[in-house]
Amino acid sequence: MFHKEGYTIITITLLIVIAGVLATHTWVSPEWLQYLCYAALLILLVLILQFFRNPGRKSSGNLNEIVSPVDGKVVVIEEVFEKEYFKEKRLQVSIFMSPINVHVTRYPVSGAVVFSKYHPGKYLVAWHPKASEENERTTVVVRSTSFGDILYRQIAGALAKRIVNYAKEGDSAEQGADSGFIKFGSRVDLFLPVGTPLAVKLNQKVKGAESIIATREN
């Protein structure tokens with residue numbers, strides 16, 4: 001299955017590949033060069049298809065768990081002062097997505113969307129310390145019954161030129177459900193209450209909707 005945000009690009013890529021195959025067959029010689037061109041076109045198609053893939057995911061639905069909003073690698077775990085919404089210290093968990101990761105963003109918890117805002121900005125590399133504040137980004141806050149307000153932030157990277165955010169204030173969020181998409185390499189930051197017991201560590205690979213980021217002690 002492919003994400004709807006990729007339908008246009010996939011269609012254009014298919015047309016380019018078909019045209020390229022026909023042009024190569026008609027005008028390119030010798031035969032070894034034809035095969036080289038075919039291979040390059042096939043690689044292009046495969047890269048685009050894998051980038052926009054949208055594998056079916058189902059979270060546990062456990063209200064005492066926060067799941068990863070994206071696929072990628074945990075690159076930051078630290079206490080920071082969150083300036084935009086909380087205006088107090090929060091526990092930040094940042095997940096970096098390479099261009100080969102699934103780039104669907106999913107709700108980390110169930111609840112009500114109480115804040116959703118888009119910010120234009122720069123395109124620093126996604127792991128840059130200032131990316132969370134200076135890059136193009138969207139901030140979404142979901143009010144959950146177990147953890148209170150949970151903020152996640154989609155951040156564009158050097159390659160990511162478009163962030164798609166479906167969350168609107170007043171929406172009902174379902175843990176693991178599709179909440180957006182970031183095109184071509186990026187990062188998502190989670191801001192949790194200080195002291196939240198984490199279930200991940202630095203450099204750990206995670207899967208959106210499936211990997212548990214944090215738990216709430218009963």
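This is a predicted model: local features need pLDDT of at least 70, side-chain atom pairs count only at pLDDT 80 or more; totals for chains, interfaces and linings use all residues.
Local features need pLDDT of at least 70, side-chain atom pairs count only at pLDDT 80 or more, and totals for chains, interfaces and linings use all residues. Residues are numbered from 1 along each chain as its sequence is written, and side-chain values use heavy atoms, with hydrogens and water left out.

**View A. The open sheet of 8 strands.** Strands (DSSP runs of E, at least two residues, numbered from the N terminus) pair if DSSP finds at least two bridges between them. The order is β9-β5-β6-β7-β11-β3-β2-β12, with antiparallel pairing. β9 (172–173) and β12 (205–206) are the edge strands, each pairing on one side only.

**View B. Strands β7 and β11.** β7 (residues 148–156) and β11 (residues 186–192) are antiparallel and share 6 bridges. Glutamine 154 faces valine 188 in β11.

**View C. The open sheet of 3 strands.** Pairing is antiparallel in the order β4-β10-β8. β4 and β10 (residues 178–182) pair over 3 bridges, with threonine 105 opposite glycine 180 in β10.

**View D. The largest cavity.** A cavity is a set of points on a 1 Å grid over the protein atoms alone where a 1.4 Å probe fits but cannot get out; lining residues have an atom within 4 Å of a point. The volume, the space filled by probe spheres set on the points, is about 40 Å³. Lining residues include Asn62, Glu65, Ser110 and Gln175.

Key:
On a 1 Å grid over the protein atoms alone, a cavity is a set of points where a 1.4 Å probe fits but cannot get out, and a pocket is an open set with protein on both sides within 12 Å along at least five of seven lines; lining residues have an atom within 4 Å of a point. Helices (H or I, at least four residues) and strands (E, at least two) are DSSP runs, numbered from the N terminus.
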